[in-house]
Amino acid sequence: MTVPLAPAGSPRDRARGCLLGLAAGDALGAPAENMTPEAIAARWGVLAEIEGGGTDDTEYSLFAASLLLRHGHALTSEDVAEAWRAEIVARLDGPMRGAGFSELGTVRALRRGLGPPLSGRWHPHGWSDGLAMRAAPYGIFAAGDPDEAARLAEIDGRVSHSGEGVLGGRAVAAAVAVAMTGAGPDEVVEAGLRAVPGDSWTARAARKALAIVRDGSERTSREEFARALHDSVVVKHYPWTDLAPEAVALAFSAYVRGGGEVEAAVVTAANLGRDADTTAAIAGALAGAGAGEAGVPERWARRVGPVAGRCLPVVAGRHVRDAADRLADTLTGRPEGGPVAALVGGPADGRPGGSEGPTDAG
Amino acid sequence: MSSGGGGATPPPEEDRILGAFAGLAIGDAAGWPAARHRSLRLAPWSRRLHRELDAFAEERQVTTLPVPFALNQPVEPLALGPSDDAEWLAWTASTIHENRAEAFGRLAQREDLRARISVWSALDNLAAGLGPPASGHDNPHFFDDAAAVRAVAFGAAGMDPVADAEVTNSGDGVLGAVAVATAVGALVRGAPMRQAVDAAVAALPEDTAIGHAARTAVAVAREHGDPFSAVPALDAALLDHVYSYGVTAAETVPIALALADAAMSAAGSPGSASAPGSTGSAASGAAFGAAVSAAACLASVADSAPALTGALAGAYTGYEALPRAWREAARPLAGCCLPELAGTDLLDVARTLASGGPKRSGPAQDATAQDATRQGDGAQSGLRQNGSTQRGTA
C-alpha cells in the first residue's frame, strides 16, 4: 500500500475503513447478487475473494460524499435534486447503466419537472435499498451524532425515495455515525434502529434478523444461519432483491454475527445472497468504521482503485480513500486540499444548519 | 356538457350496483391479460409449453406465437370472460360483513389461490402473525390496486373500504381504494359522473403519487374530450414504463377516473336523449364501451384499468344500459384465482349485496341514499369529509 495509514482510531482512519469496507463489500458481493445462499455455496464454497470491480454502491456513495463536501450540514433536498439534474440526468445520453428501479424512476420524475419529495414518490420504488447503499458518508460526516446523520441521509433520500427506503438510509447513516466512535456492533445497530420508528417494516425486519443472530447463532452453521434469515425476512412472493427493510436487516445481522470484524461481516453478508453487493457494502461500512483502515484485509484494499464511473460517469476517477479523507477533515478542521478538491466542484462547508426533519418517515 | 343535466328518470340504485359489478367484469374481460389469467384453468403443461414457445420465439425471432391453446382440454377458459378482478370482487362482496383480517386469514391457509404480489405478501404476513395495517404496509407492492378493485363492493354497499384495504395495501394502495369507493358510492346513489370523480380526486392528497396522477389524468382527458382521443396523452402523462407492474394504483385508478369522466361527460346523462335517433340508454351504453375500450388500449395497465373504468362507468349507466352480449359474457366466473368461484354468476353476488346481504349484520339502509337524485346534494351526503364512504354506520 502506498498511502500511509492514518493514526489508529483517528477520523481519517475510521472514515477510510468505512468506505474501503463499503467498496470491498460491494466488489465481493457483486457476483453473488440475486443468488441464493445455496447457489453461492455450490459455486464458491465460501465467497471470500474479490473477483471484479465495485458497482453502484461505491459510485453513489462517492456522489453522496461530494454533496456533503459541497453543502455540509446546510444540505437541502433541492441541492440534491439540482445535483441529480446537473450531474446525472443531464449527462445521460442513452441507457442508465448499473442503475436500479429507484434511480431510473427518479430520473423520469425529475425529467417530468417534479422535485422532492414528489420525485421520490412518483415512482413505486420508494422502498428500494438505493439510499441505504449510499448513506454511509452521512454517518462519517456526522460521526458521533446519529440524529444528524439520519437527518442528512433523509434530505438526500427525499429526492429518490419515500417511506421505508428513506428509513433504510436513516438507519445505515445513524449506525455508521456511532460506528465512527468505535462503539461495538450491538450499540451500533441499536443506534441505527433508534433512527427509525419502531412501528416500521425496517425495524420489524431488523429486529427479527438480529434475534436470529443473538439467539445462539454462533452455534449454527453458515448455511443454517442463512436459511433462518431468509425464512424470517425475505419476502417470498416478490421477484426482486432490492427491498431496503430486507437489505438493512441482512446487513445488520451479518455485521453483528461477524463481531464487527470487516472480513467476517462482509463475507457473511455476501454469502447470504439477495442484494449481496449492497448488503456486503453496508456491513463493510459499519465494520470498517469501527475497525479502521487496518481492519480491511489488505488483499481486498489492494483491489479497490479509483471508480470507473460505470454507473455514474460524474464520479469516474475518484477514490474512496480520498473521499474518506476529505469527509474526515471536515471533522478535524484540517486544511482543505488534496486530489478530491477539484472533483467535488466547491469548497467543503462544515457549518451546522438545515431544518428539514424526518417528515417522510413511515 | 355536464352529465348532471337531463332530468330523465335515473336508473334505480340496485340497477346501478349491478352496473358497477357487471361493468367491472366486462372491463376485466376486455383487457388482454384476462386470457392469460383464464388459462390458469387449463392443465399446467399447457402453460409450460407456453414458456417453452416463448424461448422458441426469442431464438427464431418470431413475433407472434400460437398461444394460449386448449389442446385436448375444454376451450371455455379461453373464451371471452372475466378473470382475477371479477373474482376478487365477488369474494369481497360475499365476505363484506366479516372482519377483514379474519376473512383474509382463511385464505392464508390455502395453497390453491392465484393472487397479486400485494395479496400474497399480506397473506404471508397474516400467516406469520402480522395483522393489519402492518400486513399491508410491510409489503413490497403495497401501492397496487388490489384493494381498489375490492373497494367497488364497499362503495356499492356504502361502506368504508379502509379496514379491508389495509390488510393488503398501504399508502397509495389504500388511497386508491378510498377513491374508488368514494366514486362508486356516489354514483350508485345517483351522483353525476363529474361530481363523483371530483369527490374521488378530492380524497387524494396532492403530494402523493396517486393524487398528482389523478389530477393530471383527469385534466388530460378533459382536454382531449373523449376517451379514445385521450389514450396517447394518458400514456405519456402517467406511465413511465420503468417498472412494469401493471396494477399500480397510482396509474390505474387515475386512468379509470379520467376515462369514465371523459366518456360520460361527452355522452350526457343516462336516460337523456342526447343523440338524435337513439335512446339515452343506448347512448350511455356506447359511452361505457368507449371508456372501457380506451382503457384496454393502454397495454401496460390493461390488467385492471379497464375493469376499474368499467366499474365506474357501469355504476353510472346502470346494468340495463350495458351492451347485452357483454353483460352475458361477463357473468360466469372462471375460478382462475379462487377456484371455488368457477361457474358462479357474478350478477347473483351483486344482487345479494344490493339487497343488503350476505349475512347482513350491519346497519340498515340510510334514508338519505334512497332520496338521492342526480340533481340533489343528497348523493354526496354519505361522503365523509375525508372522502371515504361511511354511510349509516354511526
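This is a tour of a predicted model with chains A and B, in the order in which to select its parts.

**Stop 1: chain A as a whole**

Select chain A and colour by secondary structure. The chain has 18 helices and zero strands. Along the principal axes, its C-alpha atoms fill a box of roughly 50 × 45 × 40 Å. Of the 362 residues in chain A, 62% are buried. Among contacts in chain A with a separation of 6 or more, 75% are between residues 24 or more positions apart.

**Stop 2: helices α9 and α13 of chain A**

Select residues 164-179 and 244-257 of chain A, which are helices α9(A) and α13(A). Their axes come within 8 Å and cross at roughly 20°. Angles under 35 degrees count as roughly parallel, and α9(A) and α13(A) are therefore roughly parallel to each other. The crossing of the two is left-handed.

Now show side chains at the contact. From α9(A), the residues are A:Glu164, A:Gly165, A:Gly168, A:Ala171 and A:Val172. They meet A:Ala244, A:Pro245, A:Ala247 and A:Val248 of α13(A). By class, the residues of this contact are six nonpolar, two polar and one charged.

**Stop 3: A:Arg274**

Move to the loop between α14 (262-270) and α15 (276-291) of chain A, where A:Arg274 lies. Most residues other than glycine have a negative phi. A:Arg274 has a positive phi, near 55°. Is A:Arg274 buried or exposed? There are 28 other C-beta atoms within 10 Å of A:Arg274, so the residue is buried.

**Stop 4: where chain A touches chain B**

Display both chains and select the residues in contact between them. The contact takes 18 residues from chain A and 18 residues from chain B. On the chain A side, α5 (101-111), α6 (118-122) and α11 (201-214) each supply at least two residues. The largest share of that side comes from α5(A), with four residues. By class, the side of chain A that touches chain B has nine nonpolar, five polar and four charged residues.

**Stop 5: chain B as a whole**

Chain B has 19 helices and zero strands. Of its 394 residues, 58% count as buried. Contacts in chain B between residues at least 6 apart in sequence join residues at least 24 apart in 76% of cases.

**Stop 6: helices α1 and α16 of chain B**

Select residues 13-30 and 305-317 of chain B, helices α1(B) and α16(B). They pack at an angle of about 150°, with their axes 6 Å apart. An angle over 145 degrees counts as roughly antiparallel, and α1(B) and α16(B) are therefore roughly antiparallel to each other. The crossing of α1(B) past α16(B) is right-handed.

The α1(B) residues in the contact include B:Gly19, B:Ala20, B:Gly23 and B:Gly27. Among those they meet in α16(B) are B:Ala307, B:Gly310, B:Ala311 and B:Gly314. The contact of α1(B) with α16(B) has ten nonpolar, seven polar and two charged residues.

**Stop 7**

Select residues 44-60 of chain B, helix α3(B). The helix has 17 residues and reaches 24 Å from its first C-alpha to its last, close to the 24 Å expected at 1.5 Å a residue. How many of the residues of α3(B) are buried? The count is zero, and α3(B) is hardly covered.

Just after α3(B) comes B:Gln61, with a positive phi of about 60°. B:Gln61 is in the loop between α3 and α4 of chain B. With 6 other C-beta atoms within 10 Å, B:Gln61 is exposed.

B:Pro68 also lies in the loop between α3 and α4 (84-94) of chain B. The peptide bond from B:Val67 to B:Pro68 is cis, with omega near -10°.

**Stop 8: a cis bond between two prolines**

Go to the loop between α6 (117-127) and α7 (134-137) of chain B, which holds B:Pro133. B:Pro132 and B:Pro133 are joined by a cis peptide bond, with omega about 0°.

**Stop 9: B:Leu341**

Finish in the loop between α17 (324-330) and α18 (346-354) of chain B, at B:Leu341. B:Leu341 counts as buried because it has 20 C-beta neighbours inside 10 Å. Leaving aside residues up to four places away in sequence, B:Leu341 touches B:Glu87, B:Ala90, B:Trp91, B:Leu333 and B:Gly335.

Key: Residues numbered from 1 in each chain as written. Chains lettered and ligands numbered in written order. Predicted model: local features only at pLDDT ≥ 70, side-chain atom pairs only at ≥ 80, totals over all residues. Buried ≥ 20, exposed ≤ 12 C-beta atoms within 10 Å, placed from the backbone. Contact = placed C-beta atoms within 7 Å. Axes fitted to C-alpha atoms, helices over the stretch in contact; angles between N-to-C directions. Parallel < 35°, antiparallel > 145°, perpendicular 65-115°, else oblique. Left-handed = near helix turned anticlockwise from the far one by under 90°. Nonpolar A, V, L, I, M, F, W, Y, C, P; charged D, E, K, R; others polar. Expected span 1.5 Å × (residues − 1).
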